[in-house]
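Here is my note for a first look at this entry. Please read it with the structure open.

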Amino acid sequence: MDMGKPYPSDLTDEQWELIEPVITAWKAQHPSVSGHQGKYAMPEIVNAILYQNRTGCRWEFLPHNMPPPGAVKYYFYLWRDDGTDQTVHDLLRWHLGEKKKRLADPSLIVMDTQSIRVSVGVPATTTGKDASKRVPGRKRCLAMGTLGLVVEAVVLPASAHDNAAGTALLDGVAAQTDRVPKALVDQRLKKTVVDHGKQYGIDVEIVERNPADTGFVPQAKRWIIEHTNGILMFYRRLVRDYEHRPARSRVFWAMTSVMARRLTGSTIASWRTA
């Protein structure tokens, strides 16, 4: 298929080479019964996913010079369900950590939550209302290192208590690595999360806000997660949750795009720049 002029969200050849081994290995493990190699090249599929993640369009509104929506959806949901999207994401996270002369897994993580409104049509059974922030929808929960790279992501109904988010994140982090000795959280999380962290040897520190502070005052190291949340808001599929089933895929694909550009020294125009 002739892709024509590339879109700003497309991967360059150098960026594609970073994730190509994962996709090629996946293809080898999932051969077609008929032996058919597939009508569409994998870079075209990945670029279509990144385009939709960045622009926020519906599947049916993908440009005509991209693979048809049915083909892109097939791979997006398949990779969501078998964890390939996270495998791609984690590979780039390790590459970027190595480039910054850091260990593959961080020695300190920061955890926080963000309540996001959902789109019309999202099942009410998978949503709720965040009573403290008065936001109906879902709660996006992230754990990340001091480089601002996501280590674990969890999506819950917005009505879920932050303690539930904290324990779920700790479970996910511990399942991936045993090298994270410390976690910083804000004062909305309570002793339940601190005790849960001890099970995995993670010292969870609740960072209290200085009562003398007024307005927004960045807290040392914890501000990093706010910075990454701001970056994620450039990806319009993350501004509002459109997924019928709570999933982390959109976070992984957005961070894959971010990390691929950092590794190759390229940038993408923001909404304001455009």
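Which helices do the buried residues of H3 pack against? They pack against helix H1 (13-29), helix H2 (42-55), helix H4 (84-99) and helix H8 (249-264). The points below start there.

1. Ground rules. This is a predicted model, where local features need pLDDT of at least 70, side-chain atom pairs count only at pLDDT 80 or more, and totals for chains, interfaces and linings use all residues. Residues are numbered from 1 along each chain as its sequence is written, and side-chain values use heavy atoms, with hydrogens and water left out. Helices (H or I, at least four residues) and strands (E, at least two) are DSSP runs, numbered from the N terminus.

2. Helix H3. The buried residues here are Ala71, Val72, Tyr75, Phe76, Trp79 and Arg80. Buried means under 20% relative accessible area, exposed over 50%, partly exposed in between (1.4 Å probe, protein chains only). Seen down the axis of H3, its buried residues fall within an arc of 160°, so they line one face of the helix. That arc is taken from the directions from the helix axis to the C-beta atoms. After H3 comes glycine 83, with a positive phi near 85°.

3. Nonpolar cores. A nonpolar core is a set of buried Ala, Val, Leu, Ile, Met, Phe, Trp, Tyr and Cys residues joined through side-chain atoms within 4.5 Å. The largest has 45 residues, and Ile45, Val46, Trp79 and Leu142 have the most contacts inside it. H8 gives the most to this core, with eight residues. A second, separate core of 20 residues includes Met111, Val180, Val185 and Val194.

4. Aspartate 112. This residue lies in strand E1 (residues 108-117). Why does aspartate 112 count as buried? Its relative accessibility is 7%, so aspartate 112 counts as buried. Its side chain joins that of arginine 222 in a polar contact of 3.1 Å. A polar contact is a pair of N or O atoms within 3.5 Å; within protein, one must be able to donate a hydrogen and the other to accept it, and residues adjacent in sequence count only if both atoms are side-chain atoms.

5. Strand E5. Four of the five residues of strand E5 (residues 182-186) are buried, so E5 is largely enclosed by the rest of the structure. E1 and E5 pair in the parallel sense over three bridges. Strands pair if DSSP finds at least two bridges between them. Leucine 108 has lysine 182 in E5 as its bridge partner. Five bridges join E5 to strand E6 (residues 203-207), and these two run parallel. Aspartate 186 stands opposite valine 207 in E6.

Notes: Contact = heavy atoms within 4.5 Å.
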